[in-house]
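Here is a short briefing on charged side-chain pairs. Have the sequence and the model open as you read.

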Amino acid sequence: MIRNRFVLLALFLFPLLLRPQNAKPVWQIDLSSFGYQGRPPAALAHLRQDVLMHFGSGIYQQGVAFTSPNVAVAYFVVHDDPPGASGQREPAMSDPFRLVAIFLDAKNGELIKQLDWPLPTNLNSGPSAFFSPATQGRFVVGLGNSLRLYSPDFKLLVHFESDSDLYPIASPTGESLLLSTKKQVDGQWTTSYQLLDTVKLSVLNTWVEPNSRPPHSIKALWNDEMAWASQSLMQFPKPGVATNEMPRRSPPSIFVKTPASAPRELPLDHGDLCGEWNFVSKDELAGPLCGAANRVLTVSTEGKKVWILTWALNRSTVR
């Protein structure tokens, strides 16, 4: 469990680790030579935030992952001008976008392979893209409403398609993916889920989550176990209650479930929850706390223990 603490600290202290240090990297590589344009791509960076929102989250997709101990992958989305476009035009959701993946030798940074996938055009919500390692050196690519499973030697193994754009959640183990689709029936929203393996992209389980209060959206996955955070809610007095009674704030909670089980609520008493929560091991979740800066909360999936991690620029502590 101590090892998990160090991994957790590394994840949340990553921006601080980018500061100049005495140690030199074993190797480094300039991704702009492979077409990297920033996050979002440079052609869109000057747009107002409300305009960028129409392009969707796909334009922000980028990251670094290992498909095996010896293969590191840098992936990112780039924007291309349509044929014949002038240099003064404003970007549009109909413009071409590509998901680029650079496969590198983890020992020396040498290029192994570069793959590019054009993103399907979606004028309603912008392009969507996804990349995730799978088991046995394979990897999964999401493009619009399709998923593609590739072998370690870059051969397409399985092609999975859905009726709508996919925004998968990947298990850190690389063994499963969770897909969700929201539908409105008779004025009520429900969410349909599909749990897939990454061996053949086979559907392991399907179920429907009814509308709930507070509304939830599953954000974390570990094989077949899922979790989400419930933010604090303001509870207002019911009609007939004295008007001078102040609104009450309900405590935040973490909910954990499997496809076949009811959610287990883990009430918390450590302030408001902010940002996304993720599994750091099979039995532990972690996420940031609102308010005071540099605070991370970890909690077991059984609610048996809670850790609060805080740090400063030159030190870190675990409480």
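**Salt bridges in the model**

R89 is partly exposed, at 27% relative accessibility; partly exposed is the range between buried (under 20% relative accessible area) and exposed (over 50%), with a 1.4 Å probe and protein chains only. This is a predicted model, in which local features need pLDDT of at least 70 and side-chain atom pairs count only at pLDDT 80 or more, while totals for chains, interfaces and linings use all residues. Residues are numbered from 1 along each chain as its sequence is written, and side-chain values use heavy atoms, leaving out hydrogens and water.

**Overall count**
- The whole structure holds seven salt bridges, each a side-chain nitrogen of Lys or Arg within 4 Å of a carboxyl oxygen of Asp or Glu.
- One of them joins R89 to D81, at 3.9 Å from N to O.

**The D116 and R98 pair**
- D116 and R98 form a salt bridge at 2.5 Å, N to O.
- D116 sits in strand β4 (residues 111–118) and R98 in strand β3 (residues 97–105), so their contact ties together parts 18 residues apart in sequence. Strands are DSSP runs (E, at least two residues), numbered from the N terminus.
- D116 is partly exposed at 33% relative accessibility, and R98 is partly exposed at 25%.
- A network of salt bridges links D80, R98 and D116.

**The E225 and R264 pair**
- E225 and R264 form a salt bridge at 3.5 Å, N to O.
- This pair links distant parts of the chain, 39 residues apart: E225 is in strand β14 (residues 225–230) and R264 in strand β18 (residues 264–267).
- E225 is buried, at 11% relative accessible area. R264 is partly exposed, at 27% relative accessibility.

Definitions and conventions:
Helices (H or I, at least four residues) and strands (E, at least two) are DSSP runs, numbered from the N terminus.
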